[in-house]
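Please read it alongside the model below.

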2 protein chains.
Amino acid sequence: MPRGTRFTGSVTIVDVAHEARVSHATVSRVLNNDSHVSPETRERVLRATTRLGYSVNQQARSLAGGRSQVIGLVVRDLGTGYIGEIVRGIDDQLSTAQYDMMLYTTHRGGTGKESVYVTSLAQGMTDGLLLVLPQNPESYLQTLRQRRFPFVLIDHNGSGESESAVGATNRQGGYDATKYLIELGHRRIGFITGSMDLGCSRDRLDGYKAALCDHGLSIDQALIRQGDFHQPMGFTCAQALLSLPDRPTAIFASNDVMAFGVMEAVRDQALKIPDDVSIVGFDDIPQSVSVYPQLTTVQQPLAEMGARATQMLLELIENPDQPAQRVELPTELIVRASTRAIK
Amino acid sequence: MPRGTRFTGSVTIVDVAHEARVSHATVSRVLNNDSHVSPETRERVLRATTRLGYSVNQQARSLAGGRSQVIGLVVRDLGTGYIGEIVRGIDDQLSTAQYDMMLYTTHRGGTGKESVYVTSLAQGMTDGLLLVLPQNPESYLQTLRQRRFPFVLIDHNGSGESESAVGATNRQGGYDATKYLIELGHRRIGFITGSMDLGCSRDRLDGYKAALCDHGLSIDQALIRQGDFHQPMGFTCAQALLSLPDRPTAIFASNDVMAFGVMEAVRDQALKIPDDVSIVGFDDIPQSVSVYPQLTTVQQPLAEMGARATQMLLELIENPDQPAQRVELPTELIVRASTRAIK
DNA sequence: ATCTTCCGTGTGAGCGTTTACATGCAATAA
DNA sequence: TTATTGCATGTAAACGCTCACACGGAAGAT
């Protein structure tokens, strides 16, 4: 098997050291902002680096015990705008911190896949991990924890208190949207859950139930369908809901993508949105304004969640001993055209 | 500055060598499928690796002159499903080839950003690059070429013949969609281009013009607006088109996202889709079935394009001296509900 | 029986860094 | 003045791997 040609011939720390007439260790000190370097030497080294167009070899750096300046982003897939928004926030932080990102998708192979990644990538490829909506995380969270490997969960507050996580006020979001529908006069409000192994899904459901209770409405199990955050399931659940003898006048889906499925199902039954059925989503992904009618939804500050999680991860990398932080960013109900007062 | 705790203590090639009672070089040979190893030894080493739970340290491997087993994916952003689909294809190939992926987005900072990445990441972090719809690639393509660094362009056939690229039959796609609209009875067909510095945009426009010519229709410059592949621009261009004295009965946007903008604009003027205006997009991203009405569009086999590009890149990494390949995958017109015959 | 080839394996250098330790020199304390 | 500190810098050993080379022994050729 022929070896590939490498991208070699680049200038190393030794070249810089030679150019600046110092030892390579001194160059390394300058590069790592070590305090024990005289201003003149520092200046001379810096000039040499720019003159020679030096850039550090991350592989060597991390092999030698430094940081890799890479974080890993573990996601299921990139299907919807959901991840895209989060990545925007991550990216912003990363670029100012001079970090790069490895992308690990787990959409193939289903279960167990994430853990494979987590162990294999943690071979020093990355300094830390950002886990977006991990599916069944206990298997590998265990490993990460005991190795004290820095990681932050995004949109998954569930599994304990010992790890850092950033999420949104899911319960409040579920509450607000439901309350809004009630105030619009809706009495039979269908609800489609997310994957119930996720804390955020349970919280949204809780908010829904709480709002019903607080307004003196009873919880009808027939109006609650278990979804999975995917569009086809939104369609299926909505079909079931709409064929109920006393069908709901509003449907609240636990994310926007399922809400799109609901829209399909409603039209499929020749019903009008929002005249016959009001629809509310959750997330406020970019597509929610490009569907018709534009979707009323509970906005999660996705980009900000990504940014905050990244900040937290970077801090954790800097100081792995600090206690876990759990951040909840506020959701906000965005009223658009898919909801209206009941006739 | 305190150094972060590393993810150390992992088992190395030396541990495996010891366990299997061979030298570390022999272990390396087994790991790299070198032929000069006896079956028994190979077997023994393999058993040792699994027994010890060994996994290779990529940093060390690539530092030592091997491959990094990482490719870089350079994209503008992850906003729409467009990239997501491509990544699905890439991912599939990568996982069978045991490769990982670094993600580089260039949406911030505008021009020049890509070239920074390209030089910095090529420090040996990656074995090759996949460039999706690069914006003004000449600056850094130059560098990549002269360093003979493997890369493949996706959805960008334009800038020459010397590099490998995978695209789609854009001209044919533009032609097919336009022809379809003509056959539906439309005579005034608006067209919104993509970014005109991209070959694919020019090809789609060419196809549009060719279809008009072939059917004896004249090309009206007023019906052609220059877009940029983003939704707001689709909206703006459509507004302009719709306020023409003799407004078009159909609008063909150079991608789906702009088509969504067109939909907005059409509704904004209280016109009906497809009754008053037919709309066609390009790409067939997942969202095109979740808008209403579902979008008629020219399908690009995005996942397949990603997969093919990845295969090509992997071959190129294996053998950098092979000639550039240019692949065009077929597009297909997908008729949905946003178009209808003229009244 | 001797020379050559080739195969399986070991030895050791080197990839570009970081970092513990050593060194020398100036400044301060005695 | 001499001992002591502290700072700027150099030396060299890792980090975990690949690969060129060396080497011994078995098989084939003469």
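In this predicted model, chain A is assigned domain 1 (13–56), domain 2 (70–167 + 302–328) and domain 3 (170–301), with bounds taken from an automatic or database domain assignment. Residues are numbered from 1 along each chain as its sequence is written, and side-chain values use heavy atoms, without hydrogens and water. Local features need pLDDT of at least 70 and side-chain atom pairs pLDDT 80 or more, while totals for chains, interfaces and linings use all residues.

**Extent of the interface**
- The C-alpha centres of domain 2 and domain 3 of chain A are 28 Å apart.
- Domain 2 of chain A gives 16 residues to the contact, and domain 3 of chain A gives 16 residues (heavy atoms within 4.5 Å).
- About 1200 Å² is buried between domain 2 and domain 3 of chain A, with 53% of it on carbon and sulfur atoms (accessible area, 1.4 Å probe, lost on putting the two parts together and summed over both).

**Charged pair**
- Between domain 2 and domain 3 of chain A there is 1 salt bridge (a side-chain nitrogen of Lys or Arg within 4 Å of a carboxyl oxygen of Asp or Glu).
- D155(A) and R204(A) form a salt bridge through their side chains, at 3.9 Å from N to O.

**Domain 2 side**
- Helix 5 (81–96) and helix 12 (302–318) of chain A are the elements giving two or more residues to the side of domain 2 that touches domain 3 (helices are DSSP runs of H or I, at least four residues, numbered from the N terminus).
- Helix 12 of chain A supplies the largest share of that side, 4 residues.

Conventions: Chains are lettered from A and ligands numbered from 1 in the order in which they are written.
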